[in-house]
Amino acid sequence: MSRPCHARIDLAALRHNYQLACDLAPAAQAVAVVKANAYGHGAVAAAKALEPLAPVLGVACIEEALELRDAGIKKPILLLEGIFSADEVSIASEQNFYLMVENLEQVQAIIQANVSQPLHCWLKVDTGMHRLGLLPEQADGALSILKASDNVHSDIIIASHFASADELDNPSNQAQLECFDHLIAQSEQAKGLAQSLANSACVLGHPQAHRQWLRPGFMLYGASPFTVPHENADKLKPVMSLVSEVISVRPIKAGERVGYGGKWQAERDSLIATIACGYGDGYPRHAPNGTPVLIDGQEAPLVGRVSMDMITVDITELKDIAIGSKAEMWGQNLCVNRIADAASTIGYELLTRMPARPLRVYSE
């Protein structure tokens, strides 16, 4: 490795976080969600690490699922957005992909397809997110059609998704739960079916939503979905550390400016370190002055505009920093959510938008 910027991926931490989800809901099973390249961590490596533990893996679309099959992953894979065209149904049947079913057009595509083996279907109901899912009043009819089809396995799961589970006291959570439970109570077709409601925030903070199947995603990668401390989220272990090195150190005089556009001006004689990591490596371009960076375990503020390949940091108050000093932009010692908050985004985005350039270096 020459350029020092890379992403260290701790697969032991990944497995720890999955096991935490299981421990929080011991009566449930957990789909390990590895969509969007495992939230930027590398889908194949993450799936291989989780496959011995998880009964089902979860992805967004069939292309992501086929990538895992091509890499030798054997476990069932749930397509969380279902199919996008009718021809995907037969592929799903051949490859043992489970299908989330969210509209009546998907229902018809499934029952009209030629399949090699019955499909495992998850029926999504819209209880208030208003993004995907059948209306509650459509669920009974859809379930009746699916149950009557030889193309569909009998173990249908009924699912929904919370809009505000990361806000622990948001009343919409209880409203959605009541909507879902009312549907189950009123639907003859839904009685006795396994249920799935819990994303990461629900797994960690809403035990009443655990039911029979969990869908942990973001929490697997070691960051909290909450904006406040939480006893369960505090047990998570960060999986990705975005690290690099100092490649230049220079003194500047009071009044001198740093970076493109000179957006930061030194108020005193200062010492500036340049780190080989920029927005081309996934660091947020809009991170403001003062965003924390760790150098040799010491916290210092970002100064100047983030460049494509580099950032600059005021190390005036730090001790013994030199070319080659180790830098951590986020990871085991600096929570990604702190950087995201400074940059007016969320940790989900920073991790998921990690580009290919930083080499992923995996440890077990």
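Biologist: Which strands make up the closed barrel, and with what pairing?

Modeller: In this predicted model, eight strands form a closed barrel in the order S2-S3-S4-S5-S6-S7-S8-S9, with parallel pairing. As a general idea, strands of a sheet are held side by side through backbone hydrogen bonds, in either a parallel or an antiparallel way.

Biologist: Let's look at one pair. How many bridges join S6 and S7?

Modeller: Three bridges, in the parallel sense, link S6, residues 121-124, with S7, residues 157-159.

Biologist: Now the helices. At what angle do H6 and H7 pack?

Modeller: H6 (residues 104-112) and H7 (residues 136-148) pack at about 5°, and their axes lie 10 Å apart. Angles under 35 degrees count as roughly parallel, so H6 and H7 are roughly parallel to each other. On the H6 side, the contact is made by Leu104, Val107, Gln108, Ile110 and Ile111, while H7 contributes Gln138, Ala142, Ile145 and Leu146. Seven residues of this contact are nonpolar, two are polar and none is charged.

Biologist: And empty space? How many cavities of 30 Å³ or more does the structure hold?

Modeller: The general idea is to roll a probe the size of a water molecule over the atoms, which shows where empty space is left. Here there is one cavity of 30 Å³ or more, and the volume of the largest cavity is about 60 Å³.

Biologist: Which residues line the largest cavity?

Modeller: Its lining consists of Lys124, Val125, Asp126, Thr127, Met129, Arg131, Leu132, Ser160 and His161. By class, that lining has three nonpolar, three polar and three charged residues.

Terms used
Residues numbered from 1 in each chain as written. Predicted model: local features only at pLDDT ≥ 70, side-chain atom pairs only at ≥ 80, totals over all residues. Heavy atoms only, no water. Pairing = 2+ DSSP bridges. Helix = DSSP H or I, 4+ residues; strand = E, 2+ residues; numbered from the N terminus. Axes fitted to C-alpha atoms, helices over the stretch in contact; angles between N-to-C directions. Parallel < 35°, antiparallel > 145°, perpendicular 65-115°, else oblique. Contact = heavy atoms within 4.5 Å. Nonpolar A, V, L, I, M, F, W, Y, C, P; charged D, E, K, R; others polar. 1 Å grid on protein atoms, 1.4 Å probe; cavity = no way out; pocket = protein on both sides within 12 Å on 5 of 7 lines; lining within 4 Å. Points joined across faces, edges and corners; volume = space filled by probe spheres on them.
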